[in-house]
Amino acid sequence: MATEKTLIVVKPDGFKRCLTGKILSRFEDKGFKIKDLKLFNFTQQKAEQFYSAHKAKSFFNELVSFISSGTVVACILEGNNAINTVRIMIGSTNSFEAAAGTIRGDFGLGLTDNVIHASDSSESFIKESQVIFS
Ligand code: CMP
């Protein structure tokens, strides 16, 4: 499997709870390299762009409101099979169903407030990282 890049975002709940260091350590321990890192607050407009794939969903407004409610940390990670491996490491979307040993399984109980986001495809990675880093 080729080296690829992916994006993770430690959400406002994860940042507020001081989990950023623990979360980034897991990826470094696994062998991923941090290629870029940014601490910031989403504006509503940037949040809507970031989550545009979910625009038609009933929870879109809740999602935009939550991600822009506090400081987040975005990180570009590089390594073998990064997109799929990182998705496995973060666990199921519903934190209360996520397996122990995954980030959401170990640190979260929420659905909207599920600690971390990760790109689900190379197309999402390109789009999401452009929204954040350009
Ligand atoms: P994330 O990985 O950031 O990608 C989209 C987000 O939508 C997801 O994490 C959840 O936080 C959120 N989400 C998914 N399904 C629902 C739902 N049914 N209600 C509220 N939020 C949801």
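Is leucine 111 buried, exposed or partly exposed? Here are some notes on that and on the rest of the chain.

1. The model is a predicted one, so keep that in mind throughout. Leucine 111 comes out as partly exposed, because its relative accessible area is 43%, and buried would need under 20% while exposed would need over 50%.

2. As for where leucine 111 sits, look in the loop between helix 6 (103-107) and strand 4 (116-118). Leu111 also belongs to a nonpolar surface patch with Phe96 and Leu109, and together they have about 350 Å² of accessible area.

3. You'll find serine 119 in the loop between strand 4 and helix 7 (122-133). Serine 119 counts as buried because its relative accessibility is 0%. Its side chain makes a polar contact of 2.7 Å with the side chain of glutamate 128. Leaving aside neighbours within four places in sequence, the contacts of serine 119 include Thr6, Leu7, Ile83 and Arg87.

4. Now the overall layout. The protein chain has seven helices and four strands, and along the sequence they run β-α-α-β-α-α-β-α-α-β-α. The radius of gyration is 14 Å, close to the 14 Å that the globule rule gives for 134 residues, so the chain is as compact as a globular protein of that length. Its C-alpha atoms fill a box of roughly 35 × 30 × 25 Å along the principal axes.

5. Of the contacts between residues at least 6 apart in sequence, 75% join residues at least 24 apart. The accessible surface is about 6,900 Å², with 51% of that belonging to carbon and sulfur atoms.

Methods. Residues are numbered from 1 along each chain as its sequence is written. This is a predicted model: local features need pLDDT of at least 70, side-chain atom pairs count only at pLDDT 80 or more; totals for chains, interfaces and linings use all residues. Side-chain values use heavy atoms; hydrogens and water are left out. Patches are made of residues with over 30% relative accessible area and no salt bridge: like charges are joined within 9 Å, nonpolar side chains (Val, Leu, Ile, Met, Phe, Trp, Tyr) within 5 Å. Accessible areas come from the Shrake-Rupley method with a 1.4 Å probe; for residues, only the protein chains shown count as cover. A salt bridge is a side-chain nitrogen of Lys or Arg within 4 Å of a carboxyl oxygen of Asp or Glu. Helices (H or I, at least four residues) and strands (E, at least two) are DSSP runs, numbered from the N terminus. Buried means under 20% relative accessible area, exposed over 50%, partly exposed in between (1.4 Å probe, protein chains only). A polar contact is a pair of N or O atoms within 3.5 Å; within protein, one must be able to donate a hydrogen and the other to accept it, and residues adjacent in sequence count only if both atoms are side-chain atoms. Contact means heavy atoms within 4.5 Å. The radius of gyration is taken over C-alpha atoms; the globule rule is 2.2 Å times the number of residues to the power 0.38.
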